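Subject: Structure handover

Hello,

Here is the structure you asked about. Please open it alongside this message, and my notes follow below.

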Amino acid sequence: MRPTLTYILPDLLGGVFTYVHNLLRSSTSDSFETFAVLTSSKFCGPTANQRIGADHEIHVPHQLPKENLYSVARRLMRAVPRGPGVVVTNDFLELAAFSIYDPHKMIVMLMHGDWDDYYDLAAKHANIIDYFVASSKHMAANLRRLLPERSESVLHLPYGVTIPVHSRRPRPGTLRAVFIGRMAGQKRVLDLPEIDRELHRLGVKVEWSMIGSGPDENPLRDAWAWNPEVRWTGSIPNEAAREHLLESDIMVMPSQSEGFPVTLVEAAVAGVVPVASDLPSGVPEIVIPGYSGFRLPIGETRQFAAAIASLASDPIMLEEMSANVRNIAVSNFDIRENVKAYDRLYASFEEPRANRRQQQTLQYGSRLDQPWIPNFAVRAMRSVTRRDL
C-alpha cells in the first residue's frame, strides 16, 4: 500500500484551489496515493464545482460557527486516510483538528496569504507543523523572523502554472482590461468603477471583463451601473479564465493584500500586463515598474487610471511590457519545474524530525466547543442565540 499525500482546502474556486490543482496535475511522482479533502460551508460562498485532480476527492461539509468545533474536527479526521504519508494544510480548521488529533503524518502548512491571521496560525501551531511552505520570498522572510528557532523548516517554494504555447493575441483599438478573482473586501474591487470613471474623464475607453463572484459582486454592479458595457462572466473554470486572458491586454489588481496571487502568474505567462497594487508579497517578483507592468499605491485610483491610460496611448510600450512580463513568468513559474521541489519535500516524510508534535488543547471556540457536548445541542443553542441577535 502506497503512502498518502492529502491536501486539505476549502471547496472554493480561487487561488488556493488553483495552486493545489496545478501541483496535483503536474507532479510526475507516483510515490503517493493522492487525496483532496475539500471543506465547505454555506457561509463561505458557492463551491468550486470542478474536480481538483487527486486520485480521491472527499467532501466535508460543516456549518461553523454554528457547530461544535470538536464535532467538525472529528468529521474532518475521518476523511483523512490512515497510514504513513503527508498532509498539507492551509487554514485553521485542519490545524485545529491536528492540534487535538494527531494524523501521524508529516504536516506541511502552505503559507499562501500575507495576512496576520496566517502568521498567527503558523505561530500558534508551530509545534505540530513540520514544514512551512511560503510561496513568496517576503512571506518566507516574515516567517523566519517570527519563528527563528524554526527557520530551517521554513521553505520558499514558488508554485507555478501551465505555460501556454501562445501569449495574448494583440488587437488594435480599445484596450482590454480584465479582473479575475473573488469579489471581496481584500481585493478592493469597488476601486474599479472609480478607476474607470477617471479613465472616462481622461477620454480613455477601456473594455472591462470581470471574472469571478463574491460578496461584493452586487455592490460592485451597482457602483458600475453607469457603464453597461462591462462584461460579467461570474465564476468560470480555470481553463476558461485562461482563454479570457489570451483576449486581454492588461490585468487590473487593486488588492490591499495578497500572498502570491495565482491570477497574477496566470496573467503574466499569457503576456497580460499587470497594473497592480504595490504589495510587498509576490507582486515584486513579477512586476518591475515600467518594465513588466505597474505597481501603484493601494487605493490611489487616479494613479491606476493614469497607468492604464499610458498603456492605451502607447501600443509599443504595451507590447514591450507584455513580452517582458511573459519572459519573467516563464523563466520562474513553470509548474513542470517548480513542482519538483514539492515532490522532494513530500518524499522526505519518513525522515526523523526534531520537533516531535505534542498534543494540546483546542485553542479556538467558546465554552460550547467541548468534546462531551453533543453537536445537535450546540447547533440548537447557537441558532437560538443568533436569532435573538
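Start with helix α6. Its buried residues pack against β8, β9 (206–211), α7 (217–223), β11 and α10. Please keep in mind that this is a predicted model.

Which residues of α6 (residues 191–201) are buried? They are Asp191, Leu192, Pro193, Ile195, Asp196, Glu198 and Leu199. Just after α6 comes Gly203, with a positive phi of about 80°.

Next, helix α10, one of the elements that the buried residues of α6 pack against. I looked at two residues in α10.

Gln303 sits in α10, which covers residues 301–313. Gln303 has 37% relative accessibility, so it counts as partly exposed. The cut-offs behind that word are under 20% for buried and over 50% for exposed. Leaving aside neighbours within four places in sequence, Gln303 contacts Leu296 and Pro297. Gln303 also pairs up with Ile195 in a distance check: 108 residues apart in sequence, 8.6 Å apart in space, C-alpha to C-alpha. Ile195 is one of the buried residues of α6.

Ala312 and Leu175 are 137 residues apart along the chain, yet their C-alpha atoms are separated by 5.7 Å.

Now the cavity. How many cavities of 30 Å³ or more does a search of the whole structure find? It finds one. Which element gives the most? That is β11, with three residues. By type, the lining has five nonpolar, two polar and two charged residues. Both β8 and β11 are also among the elements that the buried residues of α6 pack against.

One loop residue is on my list as well. Gln50 lies in the loop between β2 (33–41) and β3 (56–62). Is Gln50 buried or exposed? Its relative accessibility is 19%, so Gln50 counts as buried. The cut-off for buried is under 20%. Not counting residues up to four places away in sequence, Gln50 touches Leu13, Phe17, Pro237 and Asn238.

Finally, the chain as a whole:

- The secondary structure comes to 13 helices and 13 strands.
- The C-alpha trace spans about 65 × 50 × 35 Å along its principal axes.
- A compact globule of 389 residues would have a radius of gyration near 21 Å; the chain has 22 Å, which agrees.
- Buried residues make up 56% of the 389 residues.
- Take the contacts between residues at least 6 apart in sequence: 67% of them join residues at least 24 apart.
- The chain exposes about 17,200 Å², and carbon and sulfur atoms supply 53% of that area.

For a quick look on screen, begin with the buried residues of α6, including Leu192 and Leu199. End at Gln50, in the loop between β2 and β3.

Best wishes

Terms used
Residues are numbered from 1 along each chain as its sequence is written. This is a predicted model: local features need pLDDT of at least 70, side-chain atom pairs count only at pLDDT 80 or more; totals for chains, interfaces and linings use all residues. Side-chain values use heavy atoms; hydrogens and water are left out. On a 1 Å grid over the protein atoms alone, a cavity is a set of points where a 1.4 Å probe fits but cannot get out, and a pocket is an open set with protein on both sides within 12 Å along at least five of seven lines; lining residues have an atom within 4 Å of a point. Grid points are joined across faces, edges and corners, and a volume is the space filled by probe spheres set on the points. Helices (H or I, at least four residues) and strands (E, at least two) are DSSP runs, numbered from the N terminus. Ala, Val, Leu, Ile, Met, Phe, Trp, Tyr, Cys and Pro count as nonpolar, Asp, Glu, Lys and Arg as charged, and the others, Gly among them, as polar. The radius of gyration is taken over C-alpha atoms; the globule rule is 2.2 Å times the number of residues to the power 0.38. Buried means under 20% relative accessible area, exposed over 50%, partly exposed in between (1.4 Å probe, protein chains only). Contact means heavy atoms within 4.5 Å. Accessible areas come from the Shrake-Rupley method with a 1.4 Å probe; for residues, only the protein chains shown count as cover.
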